[in-house]
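Colleague: Hi, I'm new to this one. Could you put it on the screen and walk me through it?

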Amino acid sequence: MPNFDHMHAIDSVIGGVTIPRFLRVRQHFSSREVTDVGAEIRHSMEERQLYGTIKPGSRVVIAVGSRQIANLAVMVKELVDIVKERQAHPFIMPAMGSHGGATAEGQAEILDTFGINEAAMGAPILSAMEVSHIGDSENGDPVWVASHLLQADAVIIVNRVKPHPAFSGPIESGITKMSVIGLGKQKGAEYCHQKGLDGFSSRLQVMSRVVFRKLPIIFGVAILENPYDRTAEIHCIPADQVAAEEPKLLERARQYMPQILLDGLDVLIVDEIGKNISGTGADPNVMCRFTSPYKTSDRTPPTRIVMRDLTPETHGAAAGMGQADFITRRLYEQIDYGKIYVNSLTSTLLQNSFTPLIMPNDEAAIKAAIKTCCRTDLENVRIVRIKNTLEIGTILVSEALLPEIENNPAFEILSQPFALRFDENGELIEAPEKEVIHA
C-alpha cells in the first residue's frame, strides 16, 4: 500500500493546479432500439426456422458470457422459457474463459450479478472449470471445451458482437470468439492467447470450426447494441451460418460503436471501470488508447487518463487499469490482484494489470493529470469526463471545449458552466447527472 502520510510531497507539486469549470453535454448518436427483446428473439427464431432444432426431452445448454449486456437476463430467461415450451430441459453455463478468477464460484457469481441465477431463470447453473480436449484444428491447435457440454444434446451461444479492444479482423468479439475462448474456459482461453494476438482473428475462425463440428450447437444469439448501450438488433443465427454472417454483423456493430466526438483531449476522466463493461475494464476503442500493438486508431489518444473507481459487478477485477496514468486510492484498495493477474497471464496482455500512479483522492488524481498533460496554458485544458465507456451519451466537458460544441449539431448543451465539488477528503460529491440542467 502506498504511504499517503506524505501527501504534502504530492501537494507541493499539484497544489497550485486549478480544475476548470465543466458543462454537461449530450452527444447525439443513432438511437435504433429493440423495445421488446423477448418478442425479437422469438421473431428471429421463427424467421430462421430454429424452433425445430430444440427437441423434446433434450438437454439444452445456454452459454452466457461475462459482459454487461443490456437486457441480458431478459433474453436468457426468454430462451429458457422457449426451451421449456419445446418440452426440453434448459441449463445455463458461464462461458467466460478465465474471468471470475478462473473459478467455478467466481463465474457463477458474475452471472448472479447480472440477475442470472437458478431462482430467477428457472434453470440450473452449470459452473465448473473442467475441460475436455475435443480435437485439433487444421493448423494443429488443440481445442478444449467445458466438459459439461459433452453431455448436452443442444447448445445455444449468447453473446454481443462488437469490435474487440486488442485485435482486429473479420471476427472479433461475438459468437465465434465465445465458442473458442468462452466455452474453452481458462485452459482454452490461455492456449489461444499464448500464441499471441498476431493472427488472433484467423486462429479463432479455424479453431471454432472444430467446436461447431464436434458440439451440438444449434444456433447463436448475436446481439448488437447502439451507442447508448441499449439493444439495437438481435439475430438468431443457425450454427452452420455463423461463420458467414458474423463478419457482416461486426461491420454493423462498428457503425453503432459509441465514441467521444471530441479529439485530441488533454485529460479523460473515467468514473468507473470493470470487466462487466469491457474485457479491458474500459474499452480502448472508446478511449483511443490501446495496450495491444495489434489495435490502432486514426484518432489522437488523450494525453492523460484518470480512472476513479471500480464497478461493483467486477468484484475487484481491475484489469484494464494499465491503460490509465492515474487511479485513486479508492480504486486501488478494491483491487483483487489474483483475478487480474490470472486474466492478464491468460490473455498475455500484461500491461492491462500494470498499476498506474496512485493518487490519494479524486481531486489529487485530476490535478495530477492536468499538471502532466504537457500544456503550457492550463487554463485552456481540454477535459472530458465520462461515467464509463459504455455510457457516453451524456458527458462533462471542460469550458475550453465550448467553442467546438456550441454550434455543433452532434452536441446538446444541458447546463451552464459549473465547478466540480469535492468533500473534505478530496472526493467528488456530485455525479454528473445531478448537475442543474440549463433551461
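Modeller: Happy to! Let's begin with helix α6, whose buried residues are Ile175, Thr176, Lys177, Met178, Ser179, Val180, Ile181 and Gly182. Buried means under 20% relative accessible area, exposed over 50%, and partly exposed in between, with a 1.4 Å probe and protein chains only. Helices (H or I, at least four residues) and strands (E, at least two) are DSSP runs, numbered from the N terminus.

Colleague: Before we go on, where do the coordinates come from?

Modeller: This is a predicted model, where local features need pLDDT of at least 70 and side-chain atom pairs count only at pLDDT 80 or more, while totals for chains, interfaces and linings use all residues. Residues are numbered from 1 along each chain as its sequence is written, and side-chain values use heavy atoms, with hydrogens and water left out.

Colleague: Back to α6, then. How many of its residues are buried?

Modeller: Eight of its eight, so α6 counts as mostly covered.

Colleague: And what covers them?

Modeller: The cover includes strands β2 (59–64), β6 and β7 (217–225), along with helices α7 (185–194), α8 and α9 (242–256). Contact here means heavy atoms within 4.5 Å.

Colleague: New topic: how many aromatic pairs are there?

Modeller: Five in the structure. Rings of Phe, Tyr and Trp (its six-membered ring) pair if their centres lie within 6.5 Å; planes under 30 degrees apart count as stacked, over 60 as edge-to-face and the rest as tilted. In one of the pairs, the ring centres of phenylalanine 167 and phenylalanine 200 are 4.7 Å apart and the planes make 45°, so this pair is tilted.

Colleague: Where in the chain do those two phenylalanines sit?

Modeller: In distant parts: phenylalanine 167 is in the loop between β6 (154–160) and α6 (175–182), and phenylalanine 200 is in helix α8 (residues 200–214), 33 residues apart.

Colleague: Are they buried or exposed?

Modeller: Both phenylalanine 167 and phenylalanine 200 are buried.

Colleague: What about the tyrosines?

Modeller: Tyrosine 332 and tyrosine 337 make an edge-to-face pair, 6.5 Å from centre to centre with 70° between the planes. Tyrosine 332 is buried at 16% relative accessible area, while tyrosine 337 is partly exposed at 23%. Ring pairs also bring in Tyr341, giving a cluster of Tyr332, Tyr337 and Tyr341.

Colleague: Which charged side chains lie over a ring face?

Modeller: Among them are arginine 59, over phenylalanine 91 at 4.2 Å from the ring centre, and lysine 187, over tryptophan 144 at 4.7 Å from the ring centre. To count, NZ of Lys or CZ of Arg has to be within 6 Å of the ring centre and within 35 degrees of the ring normal.

Colleague: Okay, strands. In what order do they line up in the open sheet?

Modeller: Eight strands run β12-β11-β10-β9-β13-β14-β1-β15, with mixed pairing. Two strands pair if DSSP finds at least two bridges between them. At the edges, β12 (357–359) and β15 (411–413) each pair on one side only.

Colleague: How do β9 and β13 run?

Modeller: They are parallel: four bridges join β9 (residues 267–270) to β13 (residues 383–386).

Colleague: How accessible is each of the two?

Modeller: Aspartate 362 is buried, with a relative accessible area of 1%, whereas arginine 330 is partly exposed at 23%. Both belong to a salt-bridge network that links Asp271, Arg308, Asp309, Arg330, Asp362, Arg385 and Glu427.

Key. Salt bridge = Lys/Arg side-chain N within 4 Å of Asp/Glu carboxyl O.
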